[in-house]
Amino acid sequence: MARMTMSDAIVEAIRQEMRNDESIYMLGQDIGQFGGPMQATKGLWEEFGDSGRMIDAPISEEAMIGTAVGAAMTGSRPIVDLMFAEFLALTVTPLAHEGGSIGFKTRGEVTVPMFVRAKCGIGPHHGHAEMMAGMLMSFPGVKVIMPTNPQDAYSLVRAAIRDEGPVVMLEHMSLLHARRAEVDLETTAEIGRAAVQREGNDVTIVASGLMVSRAERAAKTLAEEGIEAEIIDLRSIAPLDATTVVASARKTGAVVVADEAWPTAGPAAEVAHQVLRLTGGRDHIRFGFATSPHTPIPFSTELERAFVPSIEDIVATVRETLAP
Amino acid sequence: MTQTTEQLVELWQHMVNGRALDRAMCIHNPLWHEGRGEEASIVGAFHALGEGDVAAPHFRGATTLGLMRGLSPETVAAGVFGKEASVTRGAWRGDINALPSREVIGMFSGSLGTTVAYATGAAMTIKRQGKPGVVVSSFGDGTSNSGVIAESWNMAKMLSLPIVYICQNNQYATSLHADDAIAGGTVSDRARAYGMPTEDVDGNDVIAVAEAVARATDYAREHGPAFVQLMTYRMGGHYMSDPEVYRSREEVEEWQLKDPIVRLEKVLAEEHGWDAEAGAALRAEIEAQYEALVIAAKDAPAPDPETLSASPYVSDLAAAKEGN
């Protein structure tokens, strides 16, 4: 056990995996002596720099991902720090359209074990907040994880590095250097499993990233009104753990999705789709959405605050959803 | 470098096999992309690669490379038609990626350019593993305008990767002539700007191609990326229903006089005691054999959709079916 931030936990997981497996190397902008953007690779250069396993990349996102796909196909396990999730749009063909499909198209003869890190979300950086989650979810074979606490970050990163296909981790900038927590370095995780963060019988709030902690605070307010919310932290956006969501929805009879990503064809839409698909609408489950508008993310701090669902927005959406 | 008679006959055999498959596909497959005329560029570029080397062919040549790498013509033909007997058992199209493996990288979608990034990534793997291998990455003049090539070349030079980039310049990107499409001179001029040693070679002279590529691979194994431009010509259309309104009959006829197989046969006859009559009879025999097996491949049974799950992605595919 060790106390660490989510950022520390991610670095520790990468360090452990790199020590265990020589085929892992890391590529990204400013990940060398600089220590990584927002200290994303702190200490890794000191341990692995001399062996050439930490490669400072030029501003060439498509080639960063493209070379990683090629390296992964031929026996390496690359980790790419893409810095910010908005840059994922530059890499869609090699990462998602082709990279996600190669294992299927070759019947597993050729696999693409690569792990991509990308920061997103509103945070201290005041920019680069786009998540691109819906875009990534469209492509079969691409896994997308989004941890919300140091333990999950540590365990999911280890699972992601060991996965035989491409895994993208969305790192929320408001969570990376937030509270420290104990991390069990032996705990493992399975990608594709959500966690029930809080139990309740009246409404299911489905969230990921920063929205999980906002949902927790919303649940406290709601509890004062006698509404007990169950909170599901998706952890893995693709594949999405519909089984856990549906089980909770059947118990509470109401689902509120709290999501910071663009609402069209994204995680919120997919949660609703999966619940309807698996219940056929027969369980009379109500839906509410505390989501961002389908607009580009604005710059001004005030406008940005209005864009992202707040605790009050989540509380209000729950009330509306449960209203007779 | 002087080639022995046996080596030249081997080059002839590879080119004749490639041409025979091409000819039979032209007759029996309306979706075929003809490569007639470019056999010297394909065979000369890849025949000398050995164990530990990686070939990343241009799509117009992927089937010929499959044959050179020992795939049976029946398997290659099955891949072109997406049949059960192909390498991917119908999961992927064998005309643009006949033999997906750790040693052969080919296209994984209809997009052009990413293969060059994958080849560059393969060179990263080779370099990191400290092995003596080299990568040969071939692409067309049309593909040379894809941005990811510029990014990949920059990274290859920056990291001194063991890779030879080959522009298989057949002068047309579907209908757009290379002279109209490539700004700033030639693709070789661009390669020189990245600090790569470059050579411009007659791409219809298989001996010249083989020698130039051998020089380039020798350099690349020691020092980093090198570039070779092969000037050749696509004697057929871009695809079978190409109206070919963009070029004159005279132009095509002029290039027919430079047929790479006929040229090698001339060298063999004049300098190596080649029996032209026996050679012509053998060619006819091979062509008949390929036509028969292409017909058989076209009529072969389609893959069973149920077998799609027979890969390491069983759980992913099962989950996809369930909608999870």
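Q: Why does A:Cys120 count as buried?
A: The relative accessibility of A:Cys120 is 0%, and buried means under 20% relative accessible area, exposed over 50% and partly exposed in between (1.4 Å probe, protein chains only); A:Cys120 is therefore buried. The model is predicted, so local features need pLDDT of at least 70 and side-chain atom pairs count only at pLDDT 80 or more, while totals for chains, interfaces and linings use all residues. Side-chain values use heavy atoms, with hydrogens and water left out.

Q: Why does B:Cys26 count as partly exposed?
A: B:Cys26 has 21% relative accessibility, so B:Cys26 counts as partly exposed.

Q: What is the count of disulfides over all chains?
A: A disulfide is a pair of cysteine sulfur atoms within 2.5 Å, and by this rule the count over all chains is zero.

Q: How many residues of chain B are in contact with chain A?
A: With contact taken as heavy atoms within 4.5 Å, 40 residues of chain B are in contact with 48 residues of chain A.

Q: What is the area buried between chain B and chain A?
A: Buried area is the accessible area (1.4 Å probe) that two parts lose on being put together, summed over both. For chain B and chain A it is about 3600 Å², with carbon and sulfur atoms giving 60%.

Q: How many salt bridges does the rule find across the interface of chain B and chain A?
A: The rule requires a side-chain nitrogen of Lys or Arg within 4 Å of a carboxyl oxygen of Asp or Glu, and across this interface it finds zero salt bridges.

How values were computed. Residues are numbered from 1 along each chain as its sequence is written. Chains are lettered from A and ligands numbered from 1 in the order in which they are written.
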